[in-house]
Amino acid sequence: MVRFGVIGTNWISEHFIQAARDIDEFSLTAVYSRTKQRAMEFGALNNIPHTFTDVKELAKSNVIDAVYIASPNSFHMNHALQCMEQGKHVLCEKPLASNTLEVKQMIKSAQDNGVMLMEAVKSSFLPSFQAIQENLHKIGKVRRIVANYCQYSSRYDAYKQGHILNAFNPEFSNGSLMDIGIYCIYPTVILFGKPESIQASSVMLDSGVDGSGSILLKYEEMDAVIMYSKISDSYLPSEIQGENGCIIIDKINQPRKVEIRYRDGRIEDISQPQVDKSMYYEVKAFINLVKKGQLESSLNSHQRSITVMEIMDEVRTQIGLVYPADK
């Protein structure tokens, strides 16, 4: 069994717990929240025996082997470092940190302390994304990927009423790029690596974060067109265009329906069956790596986390988005 503590008591932690409990080797033994009341409430709701209001005490405890970090982005590095310094493995929600400097500090700590550190980008491990990787060669030389993820945030209604929640607050290293755009950038980096150049534009909100944005990533023989938003919806799929055909992806953040449309008119469905709880696959992969004594995922690797954050840092530079963590 790998005994987990959870840092953060929001909806994503609930999804994590529901998915992870389908894994035999998973055990949930502790939760951290800033307030005792919230820790107790969340602990009771999820049958968690140990509660903490101090991350350092959680990290030092002997009731956990690993932590799942789902605190606000600006706290990721600090929480991860405290846990890794005490020999705890870390599965940290995306984005891994606020900027590249923080990501590199986290990776160094993981290496120095001999623990597993993985960015929790769930889409990498989903069966239909694996199918995209395995079938990419069928469409010939790739010329373009169009990655589209635009989802109107329920918190945007509150924002328009004058209530700035975490999702639209630069203090927490948040906004559309970090929350939504990363789901387009990460698979692009997995499939095609680091781009040669980056061009970005965005719609900035009065709070200081981006509400939506577009990025053009230029590669040697192709480009990537990335569109993301937290202030509008889109129902368009994503696609990878090759000289022999096109891979159509229903949702880049959670691929389920994936098909190849060839130039000769043939259509091949390469979708793979998936359990309902999509976070299951990333947690299963993380636990398997921990049990094998591995310190890094070959899929959500340290280098890919660095590359993705370098891209997002450059995008933020171009659109003028600065976080307190950058200073």
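Val189 sits in helix 8; helices here are DSSP runs of H or I with at least four residues, strands are runs of E with at least two, and both are numbered from the N terminus. This is a predicted model, where local features need pLDDT of at least 70, side-chain atom pairs count only at pLDDT 80 or more, and totals for chains, interfaces and linings use all residues. Residues are numbered from 1 along each chain as its sequence is written, and side-chain values use heavy atoms, with hydrogens and water left out.

Is Val189 buried or exposed? Val189 is buried, because its relative accessible area is 5% (buried means under 20%, exposed over 50%, and partly exposed in between, using a 1.4 Å probe and protein chains only). Setting aside neighbours within four places in sequence, Val189 is in contact with Arg304, Thr307, Val308 and Ile311, where contact means heavy atoms within 4.5 Å. Look across to Ile247, 58 residues apart from Val189 along the chain, and the two C-alpha atoms are separated by 17 Å.

## Helix 8 meets helix 6

Two packed helices are described by the angle between their axes and the distance between the axes. For helix 6 (residues 127–135) and helix 8 (residues 176–192), the axes come within 11 Å and cross at roughly 35°. Axes are lines fitted to C-alpha atoms, for helices over the stretch in contact, and angles run from 0 to 180 degrees between N-to-C directions.

Next up is an open sheet of eight strands, ordered 8-9-10-7-11-12-13-14, with mixed pairing. Two strands pair if DSSP finds at least two bridges between them. At the edges are strand 8 (197–204) and strand 14 (267–269), each pairing on one side only. From one strand to the next, the twist averages 10°.

Strand 7 (residues 142–150) and strand 10 (residues 223–229) run parallel and are joined by seven bridges. Asn148 has Met227 as its bridge partner in strand 10. Helix 10 (residues 302–319) packs on this sheet, touching strand 8, strand 9 (210–218) and strand 10, and its direction makes about 55° with that of strand 8.

## Ser238 in strand 11

Ser238 belongs to strand 11 (residues 238–242). Ser238 counts as buried because its relative accessibility is 1%. Its side chain reaches the backbone nitrogen of Asn148 at 2.9 Å. Not counting residues up to four places away in sequence, Ser238 touches Val146, Ala147, Asn148, Ile247, Ile248, Ile249 and Ile252.

Six strands build another open sheet, in the order 3-2-1-4-5-6, and here the pairing is parallel. Its edge strands are strand 3 (50–52) and strand 6 (117–120), each pairing on one side only. On average, neighbouring strands are turned by 25° against each other, direction ignored.

Three bridges join strand 2 (residues 26–32) to strand 3, and Tyr32 has Phe52 as its bridge partner in strand 3. Helix 1 (residues 11–20) packs on this sheet, touching strand 1 (2–7), strand 2, strand 4 (66–69) and strand 5 (89–93). The direction of helix 1 makes about 165° with that of strand 1.

Methods
Polar contact = N/O pair within 3.5 Å; in protein donor to acceptor, adjacent residues only side chain to side chain.
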